[in-house]
Amino acid sequence: MSARALLSMTGDLGVERVAYTELAGRIRVLIADGRIAVGTRLPSERELAVVAGRSRTTIVATYQALRDSGHLVSRRGSGSLASLPHLADVSKRPGRVVDFAGSVPPPVDGLRELIAETTADLPDITTFPGFDLLGNDALREAIADRYTTRGLPTSPDQIIVTTGGQHAIALTAQTLIHRSDTALVESPTYPHAYEAFQRAGARMVATPVTTDGWDIPHLLATIQHTRPTAAYLIPDFHNPTGASMDPQDRIRVARAARAAGTALVIDEAPVDLNIDRPWDDGPFARHAARDAGPDGSGVITLGSLSKSVWSGLRIGWIRADEAVIRRLVQARPAGDLGTPPIEQLIGERVVRRLDDLVIGRRKFLREHRAVLTESLNRRLPQWTTPWPAGGLSMWVQLNRPASSALASICRARGMSLIAGPKFSIDGSLERYLRLPFTSPIADLDAGVQLIADAWEQLDVDAPAPRDHAPTAT
Ligand SMILES: Cc1ncc(COP(=O)(O)O)c(C=O)c1O
């Protein structure tokens, strides 16, 4: 970080003649709030003194004060790095890491029996080709039938089986995007999705989503004005907000995308995680299929068994127009030569019985959502805790923008936690935190307690509200 960048956050010290204790205090608040990320290299004392127009002695004293309070560590060859006092405090580390980072539920009830049943067919597995870029016919048929039953007539030729949903996203991005094409994503969104589009060379644009849903005028205008090559959306139990897009809005979005020549990439990985949403609109692509011309609907639908059944299966898929499936098959070998046949064998049985299997998953989510909500309301009433109708996590709003600092402290104390900015493409969303409710019940309250203790510690570090926005004038 340059001296100029630091001073733009602390205020103009030369004019204000602030004391070194005050300057150290301002920098501490910036680190505690996450606006200076832990690990950032601060400017050298000499550079800061020159640019700030202050004596070297003042700046040396400032840095020493930060070192004394644990907000700065000096490493030979690396300079002075922002830190937090608690990162060195290992005495509070519990024996086991509480996982609030991944939203990974346990295998669904009934899966073990289904796997056991499948073993009878295992000897026949060698009749499948080893390298199969499209996927096992029986599984593709089961997936196609499920779309048809959900209201979107589908043939197996419109399905390619992938090695999990993430592979489906990456393969789609790599196939659709040419360098410097524009890709639209939601903010917040599932981080590994925007990473896949970025890696494919896309210029990213974002449209906001909150726990209340999409800013539809913004989404429609962004599609119209930027004409993105692809728009990646999670319209059902959106990760991380839990929001679902209104059926009427789906129609408007599908029309806008068609008019702009944008391929809609609809990630349905969470679609079966309905806890108590009172409606079901069927697959999003239904709306585009109605208006589809000879070139197809332009909607690419991604699916996965990870969230609804078990992430260890690594079964995902893509439903698209046949011409797109052909392009995907051509692009696939650069990254992957086919999904393992044994998993596909299990996958076919799972897809055929998905409706029964997800009953247990929904019960699990209902119970876990209640426990996490109660715990958050009791221990952190100053936060805004939403009540998602489905999905695996809560997008909690903090009472001040310090998500990164909080996550740093929690990690040092033995909890893995992902701060809000990870879910945005531009490092914003410091006021939010994603809390999955997939951990065991006992961990949920213990985890919230750990978070609440860390939050209290942050308040001690940054108590004075006037410190939050230091200005030069
Ligand atoms: C929205 C969404 N899509 C896709 C995935 C990838 O899932 P998998 O690769 O395990 O199928 C995830 C995982 O968290 C997700 O949240």
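User: How is the protein chain divided into domains?
Analyst: This predicted model has domain 1 at 3-83, domain 2 at 93-103 + 358-461, and domain 3 at 130-352.

User: How many Å separate the centres of domain 2 and domain 3?
Analyst: Taken over C-alpha atoms, the centres are 27 Å apart.

User: And how many residues does each give to the contact?
Analyst: Domain 2 gives 24 residues. Domain 3 gives 26 residues.

User: Let's do the eight-strand sheet. What's the strand order?
Analyst: The order is β4-β11-β10-β9-β8-β5-β6-β7. The sheet is open, and its pairing is mixed.

User: What does pairing rest on?
Analyst: Strands of a sheet pair through backbone hydrogen bonds, and they do so either parallel or antiparallel.

User: Which strands sit at the edges?
Analyst: β4 (159-162) and β7 (213-214). Each of them pairs on one side only.

User: Take β5 and β8. Parallel or antiparallel?
Analyst: Parallel. β5 covers residues 182-187, β8 covers residues 230-233, and three bridges link the two.

User: Which residue is the bridge partner of Val-185?
Analyst: Tyr-232, in β8.

User: What about β1 and β2, parallel or antiparallel?
Analyst: They run antiparallel, joined by four bridges. β1 is residues 72-75 and β2 is residues 79-82. Leu-72 stands opposite Ala-82.

User: How many residues are between the strands of that hairpin?
Analyst: Three. Gly-77 in this hairpin takes a positive phi, near 90°.

User: Which residue other than glycine has a positive phi?
Analyst: Phe-237 is one, with phi near 50°. It is found in the loop between β8 and α11.

User: Helices now. At what angle do α7 and α14 pack?
Analyst: About 20°, with the axes 8 Å apart. α7 is residues 137-149 and α14 is residues 341-352.

User: Roughly parallel or roughly perpendicular?
Analyst: Roughly parallel. The angle is about 20°, and angles under 35 degrees count as roughly parallel.

User: Is the crossing left-handed or right-handed?
Analyst: Left-handed.

User: Which residues meet there?
Analyst: From α7, they include Ala-138, Leu-139 and Ile-143. From α14, they include Gln-344, Gly-347 and Val-351. By class, the contact has five nonpolar, two polar and five charged residues.

User: And what about α8 and α13, at what angle do they pack?
Analyst: About 100°, with their axes 9 Å apart. That makes α8 roughly perpendicular to α13. α8 spans residues 165-176, and α13 spans residues 322-331.

User: Which residues meet in that pair?
Analyst: In α8, Leu-171, Thr-172, Gln-174, Thr-175 and Leu-176. In α13, they meet Arg-327, Leu-328 and Ala-331.

User: How do they divide into nonpolar, polar and charged?
Analyst: Four are nonpolar, three are polar and one is charged.

Note on methods:
Residues are numbered from 1 along each chain as its sequence is written. This is a predicted model: local features need pLDDT of at least 70, side-chain atom pairs count only at pLDDT 80 or more; totals for chains, interfaces and linings use all residues. Side-chain values use heavy atoms; hydrogens and water are left out. Two strands pair if DSSP finds at least two bridges between them. Axes are lines fitted to C-alpha atoms, for helices over the stretch in contact, and angles run from 0 to 180 degrees between N-to-C directions. Angles under 35 degrees count as roughly parallel, over 145 as roughly antiparallel, 65 to 115 as roughly perpendicular and the rest as oblique. A crossing is left-handed if the near helix is turned anticlockwise from the far one by less than a right angle, and right-handed if clockwise. Contact means heavy atoms within 4.5 Å. Ala, Val, Leu, Ile, Met, Phe, Trp, Tyr, Cys and Pro count as nonpolar, Asp, Glu, Lys and Arg as charged, and the others, Gly among them, as polar. Domain bounds come from an automatic or database domain assignment.
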